[in-house]
Amino acid sequence: GFYHRYNALLEIGFRLNPNPSVQDLPKKRGRPRQSKVKNLLDRLRDYCPQVLSFMYDASVPFTNNLNEA
């Protein structure tokens with residue numbers, strides 16, 4: 001159902017926004033920075049149950065900003 005569609009959309013996002021290869025980056029110390037899009041995709045993947053919780057539990061609001069809802 002929705003869980004599989006959600007993961008399929010994340011996979012498309014990861015394919016369209018790959019990490020830059022190490023050869024393309026200037027020589028700097030530490031780990032290369034990820035893009036904001038890649039950070040968002042990582043969080044949407046890692047917190048999938050929390051992101052989709054409003055669909056399975058009617059007591060969970062769709063948004064965390066109840067002033068706008």
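At roughly what angle do the axes of helix 1 and helix 2 cross?

**Entry 1: the model.** I am working from a predicted model. I began with the pair of helices in the question.

**Entry 2: helix 1 and helix 2.** I looked up residues 2-16, which form helix 1, and residues 36-46, which form helix 2. Their axes come within 10 Å and cross at roughly 155 degrees. Angles over 145 degrees count as roughly antiparallel, and helix 1 and helix 2 are therefore roughly antiparallel to each other. I also noted the handedness: the crossing of helix 1 with helix 2 is left-handed.

**Entry 3: the residues in that contact.** I listed who touches whom. From helix 1, the contact takes Tyr6, Leu10, Gly13 and Phe14. From helix 2, it takes Lys38, Leu41, Asp42, Leu44 and Arg45. I sorted the residues of this contact by type and got five nonpolar, three charged and one polar. Gly counts as polar in this sorting.

**Entry 4: the whole chain.** I then went to the secondary structure of the protein chain, which comes to four helices and zero strands. Along the sequence I read the pattern as α-α-α-α.

**Entry 5: burial and surface.** The protein chain has 69 residues, and I find 13% of them buried. For its accessible surface I have about 6500 Å². Carbon and sulfur atoms hold 56% of that surface.

Conventions. Residues are numbered from 1 along each chain as its sequence is written. This is a predicted model: local features need pLDDT of at least 70, side-chain atom pairs count only at pLDDT 80 or more; totals for chains, interfaces and linings use all residues. Side-chain values use heavy atoms; hydrogens and water are left out. Axes are lines fitted to C-alpha atoms, for helices over the stretch in contact, and angles run from 0 to 180 degrees between N-to-C directions. Helices (H or I, at least four residues) and strands (E, at least two) are DSSP runs, numbered from the N terminus. Angles under 35 degrees count as roughly parallel, over 145 as roughly antiparallel, 65 to 115 as roughly perpendicular and the rest as oblique. A crossing is left-handed if the near helix is turned anticlockwise from the far one by less than a right angle, and right-handed if clockwise. Contact means heavy atoms within 4.5 Å. Buried means under 20% relative accessible area, exposed over 50%, partly exposed in between (1.4 Å probe, protein chains only). Accessible areas come from the Shrake-Rupley method with a 1.4 Å probe; for residues, only the protein chains shown count as cover.
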